There are 2 protein chains.
Amino acid sequence: MTRFGDLDPPQRLLMGPGPVNAHPRVLRAMSADLLGQFDPEMTAYMNEVMALYRPIFGTENRWTFLVNGTARAGIEAALVSLVAPGDRVLVLDFGRFGALLKEILERIGAEVSSVDAPWGEVVPREAVEAAVARVRPKVVATVHGDTSTTMAQPLEGLGRICQEAGALSYVDATATIGGMEIAADRWGVDVVTGGLQKCLGGPSGSAPITVSEAAAARIFSRRHVEKGIRRDDIQDGTGLRIGANYFDLAMVMDYWSEKRLNHHTEATTMLYGARECARVVLEEGLAARAARHAAAGRAVTAGARALGLTVFGDDRYRMSNVTAIVIPEGVDGEAVRRRMREDFEIEIGTAFGPLAGRVWRIGAMGYNARKHKVLITLGALEAVLRAEGFGTPAGAGVEAALAAWNDG
Amino acid sequence: MTRFGDLDPPQRLLMGPGPVNAHPRVLRAMSADLLGQFDPEMTAYMNEVMALYRPIFGTENRWTFLVNGTARAGIEAALVSLVAPGDRVLVLDFGRFGALLKEILERIGAEVSSVDAPWGEVVPREAVEAAVARVRPKVVATVHGDTSTTMAQPLEGLGRICQEAGALSYVDATATIGGMEIAADRWGVDVVTGGLQKCLGGPSGSAPITVSEAAAARIFSRRHVEKGIRRDDIQDGTGLRIGANYFDLAMVMDYWSEKRLNHHTEATTMLYGARECARVVLEEGLAARAARHAAAGRAVTAGARALGLTVFGDDRYRMSNVTAIVIPEGVDGEAVRRRMREDFEIEIGTAFGPLAGRVWRIGAMGYNARKHKVLITLGALEAVLRAEGFGTPAGAGVEAALAAWNDG
C-alpha cells in the first residue's frame with residue numbers, strides 16, 4: 001500500500017517564465033489510449049505531427065519531428081548531431097541560455113567562440129557578421145528569445161550571413177515558438193528546436209525540431225546504425241559517429257521516415273500532447289496568436305510602469321511573452337512572490353545569474369496569454385506591493401494594462 | 001486551420017513486447033493541471049516519486065528519481081554519468097539490448113569488453129566471474145530481461161562479484177520493472193534504470209532510475225555545474241566532466257535534491273504518470289504483481305504449446321512477461337500479425353536480428369497481464385493460424401492457458 005493520495009495540485013495561475021498552465025484540450029488529448037510503436041495508426045499520427053509543426057516553424061522542411069525529452073533534450077540532440085569534436089562553433093551569447101549552448105558545445109568537444117551582448121541587450125548584426133568572418137565557424141548557434149533577460153535576438157538575415165560563410169545555423173526557440181513568429185525558411189536557418197511548455201501551451205517533455213536539407217545531409221554523413229538493427233537499405237556515412245545514441249538525429253530521422261528504423265519507443269502520450277498543441281495553435285492562426293502574445297506583453301509592460309515599476313531591458317528587442325520587472329529598492333522580492341502564491345495562487349518568476357534578486361519575471365504564454373489573466377496578475381501584484389510597503393497608484397496598473405491590451 | 005481531426009486511436013489490445021495499454025488511472029492522472037517547477041507542491045510530488053520508486057527497485061537508495069526521456073534515455077544517462085572515456089567496461093551480452101549497451105558505451109569512448117551468450121540463453125555465473133577477473137572493469141553493465149530473446153539474466157550475487165573486483169554495476173531493467181522482482185539492494189547492484197511503458201503500465205517517456213551511494217560518489221566526483229547557475233553551496237568534483245549536459249546525473253541529482261539546482265524543466269505530466277504507475281503497483285503489492293505476471297507467462301507458454309507451437313529459448317530463464325513463439329514452417333508470420341491486428345485489434349510483436357522472421361513475441365505486461373487478455377489473444381491466434389492454413393487442435397490453447405493460469 002502507498003501512503004500518498006490522489007494527485008490534487010492546487011489550481012494555480014502560472015505567470016512565470018514557464019512552464020505555464022497547459023491548454024485543457026492538450027491534457028485531455030493525452031489521456032487517449034496507447035498504440036503500438038509501428039502500428040499504422042501510430043505512424044500516421046507521427047506523420048501528422050510532422051505536417052502540423054512545419055507551419056509553426058515557418059518551414060517546408062521534410063525533417064520536422066519531435067525529440068523525446070524536454071526542450072533541453074532538443075537543444076542537445078541538435079548540437080551533438082550537427083557538431084563533431086574539434087568543430088569551430090560561434091555562439092551568440094546574450095543570456096543564460098546562450099551560456100547553456102556554450103556549455104553543451106564544450107562537452108561535445110567543439111572549439112567554442114562567442115559574440116556576447118550584456119544582459120538586457122541583443123547582439124548587433126554587425127557584431128555577428130564580424131565574428132563569423134573572424135571565427136569561420138562550421139556552425140553558428142543562438143537562442144531566439146532568452147527568458148533569463150527577456151530579450152529576443154533579431155534573426156532576419158542570419159541564414160544569409162551563415163550561408164555565405166559556409167556555416168550551418170542553429171536556433172533555440174524554446175521560449176518563443178507558438179508565441180512569436182518563427183520563420184525558419186525566411187530566416188534561412190538550418191535547425192530550430194522548441195519545447196511545449198511555454199507558448200505552445202503544453203507540458204514539458206517533448207521537443208519539436210526542424211532540420212533543413214543541408215543540416216540533414218551533414219547529420220546523415222555521420223550515420224552509424226546500431227549493430228543489432230543494421231539493414232541493407234540504410235547506409236552508414238563516412239563522418240565521425242555522433243557522440244550520443246539517444247540524441248543521434250540520423251537514427252531518430254530514420255525512425256520518423258518511411259524506413260521506420262527502430263530506435264527509442266516513441267513517447268506516445270507526449271506525442272498526443274504535441275499534436276494537440278499544434279492543432280490548437282493552427283486553429284487560432286499563427287498571426288492571431290502572435291498578436292495575442294504581443295498584446296499581453298504590451299499590457300504587462302504598461303501595467304508595471306503604471307504601478308511605478310521599472311521594466312528591465314531594451315524595449316526594442318523585448319520578447320512579447322515574458323517581461324522582467326525591476327524589484328524596487330527596499331522591497332523583498334521573495335516575500336512578494338510568496339504572497340502572490342499564497343494569497344492569490346499566482347506564480348511569478350524569479351531570476352538567474354546577474355539578475356538574481358534584481359528582477360521578477362512575469363510570463364504571459366500560450367493558454368495564459370489572455371487579457372483577464374494579465375489583469376488579475378497586475379491587480380494582485382498591486383495589492384501585494386502595498387502590503388509589502390511599496391506605495392502604488394491605486395488601480396493604475398490594471399487600467400493601463402487594459403488600455404494597452406486594447407491598443408493593438 | 002488544421003486538416004487533422006481529434007485524436008481517436010483504435011481500441012487495440014497491445015500484446016507485444018511493449019508499449020502496452022496504459023492503466024486508465026495513469027492516463028487520467030496525467031490530465032491534472034501543471035505546477036511551477038519549484039513550487040512547493042511540485043517539489044513535494046518529486047519527493048513522493050522518489051519514495052514510491054524505492055520499493056519498486058528493491059532499494060533504500062536516496063537517489064531514486066526520474067530521467068526525462070524514454071527508457072533508452074535512462075540507460076544513456078546512467079552510462080555516460082558512470083563511465084568516462086577510456087574506462088574499461090564489461091557488458092553481459094545475450095540479446096539486442098546488450099548490444100545496445102555496448103554501442104552506447106563505444107560512443108562514450110569506453111574500452112568495451114563483453115561476455116556473450118547465444119540468443120535464447122543467459123550468461124552463466126562462472127563466465128561472468130571469469131570475465132570480470134580477466135577484464136578488471138570499472139563498470140559491469142547488463143540487461144535484466146532482454147525482450148529481443150525473452151531471457152532474464154539471473155542477477156543474484158552479481159553485486160558481490162563486482163564489489164570484490166572494485167567495479168560498479170549497472171542493470172537495464174526496462175522490460176522487467178513492475179513485472180519481475182527488482183532487488184537492487186539484495187543483488188548489490190549500483191544503478192538500475194527502467195521505463196514506464198511495459199510492466200509499470202504507463203506510457204513511454206519517463207525513465208525511473210536508482211543510484212547507490214557508491215555510484216553517486218563516482219558521479220558527483222565528475223560534477224561541473226553550468227557556469228550560468230554556479231552556487232557557493234555546490235562544489236565541482238575533480239573527475240572528468242560528464243560528456244552530456246542533459247544526461248549529467250550530477251546536475252539531475254542536484255535538481256532532485258533539496259539543493260534544487262536548475263537543470264531541465266521537469267516533465268510534469270510524465271511525472272504525474274510515473275507517480276500513478278507506482279501507486280497502482282504498490283497498491284496491488286509487489287509480490288502479487290510478480291505472481292500475476294508469472295501466471296500470464298505460464299499461460300501464454302502453455303497455450304502456445306497446446307496449439308502445437310514451439311516456444312523459443314531456455315525455459316529456466318524465461319521472462320514472465322514476454323514469450324517468443326517460433327513461427328511454424330510454411331506460415332507467413334507477417335500475415336498472421338496483420339490478421340490479428342485487422343480482425344481482432346490485437347497487436348503481437350515481431351522480432352529483431354537473428355530472430356527476425358523466426359518468432360512472434362507475445363507480451364503480457366502491466367495492465368495487460370490479465371487472464372482474459374491472455375485467453376482472448378490465444379483464441380484469436382488459433383483462429384488466425386487456422387485461416388492461414390496451420391491446423392491446430394480446436395480450443396486447446398485457451399483451455400491449456402486457463403489451466404496454467406490457475407495452476408499457481
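# A tour of two chains, stop by stop

Start in chain B and select helix H3 (residues 71-82) and helix H4 (residues 96-108): the two pack at an angle of about 45°, and their axes are 10 Å apart. This is a predicted model.

Show the side chains where the two helices meet. On H3(B), pick B:Ile75, B:Glu76, B:Leu79 and B:Val80; across from them, on H4(B), are B:Ile104, B:Leu105 and B:Ile108. Sorted by class, this contact has six nonpolar residues, no polar ones and one charged.

**The sheet of chain B**

H3(B) lies across E2, strand E5 (139-143), E8, E9 and strand E10 (207-211) of chain B, and runs at about 160° to E9(B). These strands belong to an open sheet of seven, and walking across it in chain B gives the order E2-E10-E9-E8-E5-E3-E4, with mixed pairing. Which strands form the edges? In chain B they are strand E2 (63-67) and strand E4 (111-116), each of which pairs on one side only. From one strand to the next, the twist averages 20°.

For one pair inside this sheet, select strand E8 (residues 168-172) and strand E9 (residues 191-193) of chain B. They pair in the parallel sense over three bridges. To find one of the partners, click B:Asp172: its bridge partner in E9(B) is B:Thr193.

**The sheet of chain A**

Move to chain A and colour its strands. Here too is an open sheet of seven strands, in the order E2-E10-E9-E8-E5-E3-E4 and with mixed pairing. Strand E2 (63-67) and strand E4 (111-116) of chain A are the edge strands, each pairing on one side only. The average twist is 20° from one strand to the next.

Now select strand E3 (residues 88-93) of chain A together with E4(A). The two pair in the parallel sense, over six bridges. Within this pair, A:Val91 has A:Ser114 in E4(A) as its bridge partner.

**Backbone details in the loops**

Zoom in on the loop between strand E1 (13-14) and helix H1 (24-29) of chain A, where A:Pro19 is found. The peptide bond joining A:Gly18 and A:Pro19 is cis, with omega about 0°. Then go to chain B, where B:Pro19 has its place in the loop between strand E1 (13-14) and H1. A cis peptide bond joins B:Gly18 and B:Pro19 as well, with omega about 0°.

Return to chain A for A:Thr150, in the loop between strand E6 (145-146) and strand E7 (151-152). A:Thr150 is not a glycine, yet its phi is positive, at about 70°.

**Two domains of chain A**

Colour chain A by domain: domain 1 covers 24-282 and domain 2 covers 286-406. Taken over C-alpha atoms, the centres of domain 1 and domain 2 of chain A are 30 Å apart. Their contact takes 25 residues from domain 1 and 24 residues from domain 2 of chain A. On the side of domain 1 that touches domain 2 in chain A, 11 residues are nonpolar, 10 polar and four charged.

Now select helix H11 (residues 286-306) and helix H14 (residues 396-406) of chain A. They pack at an angle of about 150°, with 7 Å between their axes. That angle is over 145 degrees, which means H11(A) is roughly antiparallel to H14(A). The crossing is right-handed. Residues to show here include A:Ala295, A:Arg298 and A:Ala299 of H11(A), and A:Ala401, A:Ala404 and A:Trp405 of H14(A). The contact of H11(A) with H14(A) divides into 11 nonpolar, two polar and two charged residues.

**Where the chains meet**

Finish with both chains in view. How many residues of chain B are in contact with chain A? There are 70, and they meet 70 residues of chain A. On the chain B side, the elements giving two or more residues are helix H1 (24-29), helix H2 (40-57), H3, H4 and helix H10 (268-284). H10(B) gives the most, with eight residues. By class, the side of chain B that touches chain A has 29 nonpolar, 22 polar and 19 charged residues.

Definitions and conventions:
Residues are numbered from 1 along each chain as its sequence is written. Chains are lettered from A and ligands numbered from 1 in the order in which they are written. This is a predicted model: local features need pLDDT of at least 70, side-chain atom pairs count only at pLDDT 80 or more; totals for chains, interfaces and linings use all residues. Two strands pair if DSSP finds at least two bridges between them. Helices (H or I, at least four residues) and strands (E, at least two) are DSSP runs, numbered from the N terminus. Axes are lines fitted to C-alpha atoms, for helices over the stretch in contact, and angles run from 0 to 180 degrees between N-to-C directions. Two residues are in contact if their C-beta atoms, placed from the backbone, lie within 7 Å. Ala, Val, Leu, Ile, Met, Phe, Trp, Tyr, Cys and Pro count as nonpolar, Asp, Glu, Lys and Arg as charged, and the others, Gly among them, as polar. Domain bounds come from an automatic or database domain assignment. Angles under 35 degrees count as roughly parallel, over 145 as roughly antiparallel, 65 to 115 as roughly perpendicular and the rest as oblique. A crossing is left-handed if the near helix is turned anticlockwise from the far one by less than a right angle, and right-handed if clockwise.
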